[in-house]
Amino acid sequence: AEGAGTGPRLAELLAAGRRLWEEVETGAEPSSGAPAVQDKVRQGLDALRQAADMVAQLDLFSENEELEEIASADLKYLLLPALLGALTLKQVDLSKRLEHLESARAHFWRFLKLCRSYGLGSFHLPPASPLGEEDAGSPSPGGPAASQPNLVAMASSRQAKIERYKQKKELENRLASMKTAVESGQADEDQIREFYILQTQKWINTSLEEIESIDQEIVILRSRGTVKQSSAPPHGTSRQVRTPMKPFILTRDAAQAKVFGAGYPGLPTMTVDDWYEQRRRQGVTSGQSAPQRAPGVTDEELQKQQQEKKEEDDDEEALQKARNWDDWKDTHPRGYGNRQNVG
């Protein structure tokens, strides 16, 4: 019993931790990350951890005893692991979010296991670790068919949530009607005992909901970590820098090129066909995002190679045009096609 060895210190620690949790839960602060809120979270966790250590040293609870063997005044200490889990979730350090989730889950699970051993509430005890922790990242056995949602299980889970919600509301109403009498010291032992048992049953529902939510968030955080690792570039590699294009005026045809070119003498003009042909020569079009680069070639060398290739292509094109013109002159006499000055 509390009077036999626990002393007022343990009761004060529990009361302080619970009060701080309630202030954080129902506080007027717009953000849980506010310094004042996080100070309360730290103070509450310190108080509850000290109380939990004292309960463990005093060996108040045992999985081998019955609920009737616990003194009525000691029943309230059953809530310590649940309150620790609730306050642990209020921490806002994103770099340690996964660690906080796993710690809070362990607190809630210990609370549920303790309640189960005393026969408090009828519920299915969740696994000790988050689902999929052992085979995270490995393909699910059975292929795609095994990953299909089980409609019966989903319906059962939904029904269980509805029942938990109804129980929670009913328990909250009964607790509210008894709270004043218990806290003022006017309640007898039977009322005190019923009040603490009802509190424990309410926190059982809360813990089941929190573990379900925690497991979902852990899956998301782990998948994000896997995606980040797979998308990170190999060590020592650098992103290729594409040679910037010089500004020019893009036109539909040569006639537009003459018109726009006259208005903007500082900018070259280029038709769509010319532009496409130039990009094709550079190897950018047809699904290629950039010209192929040999290993160890710098951007400056690559640009020089491209310029030399362009000049060669231009020379070949001009040579071909000259040859075609010579061939045409061989078969067509001077003045061919000119019928305007026929006498």
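I began with Asp 215 and looked up its contacts, which, once neighbours within four places in sequence are left aside, are Arg 105 and Pro 130. I then placed Asp 215 in helix 6, the run of residues 189-231, and I keep in mind that I am reading a predicted model.

I turned to the nonpolar packing and found that the largest nonpolar core has 55 residues, with Phe 61, Tyr 77, Phe 111, Tyr 118, Leu 120, Trp 203 and Ile 204 having the most contacts inside it. I noted which elements give two or more residues to this core, and they are helix 1 (2-25), helix 2 (35-58), helix 3 (80-88), helix 4 (97-117), helix 5 (151-183) and helix 6. Helix 6 gives the most, with 10 residues.

Last, I checked confidence. The chain has a mean pLDDT of 79, with 71% of its residues at 70 or more; helix 3 has the highest confidence, at 97, and helix 7 (residues 254-263) the lowest, at a mean of 62. I marked residues 1-6, where pLDDT stays under 50 and the model has 13 contacts beyond four places in sequence, and also residues 134-147, where pLDDT is below 50 and the model has 3 contacts beyond near neighbours in sequence.

Key:
Residues are numbered from 1 along each chain as its sequence is written. This is a predicted model: local features need pLDDT of at least 70, side-chain atom pairs count only at pLDDT 80 or more; totals for chains, interfaces and linings use all residues. Side-chain values use heavy atoms; hydrogens and water are left out. Helices (H or I, at least four residues) and strands (E, at least two) are DSSP runs, numbered from the N terminus. Contact means heavy atoms within 4.5 Å. A nonpolar core is a set of buried Ala, Val, Leu, Ile, Met, Phe, Trp, Tyr and Cys residues joined through side-chain atoms within 4.5 Å. Buried means under 20% relative accessible area, exposed over 50%, partly exposed in between (1.4 Å probe, protein chains only). pLDDT is the predictor's confidence in each residue, from 0 to 100.
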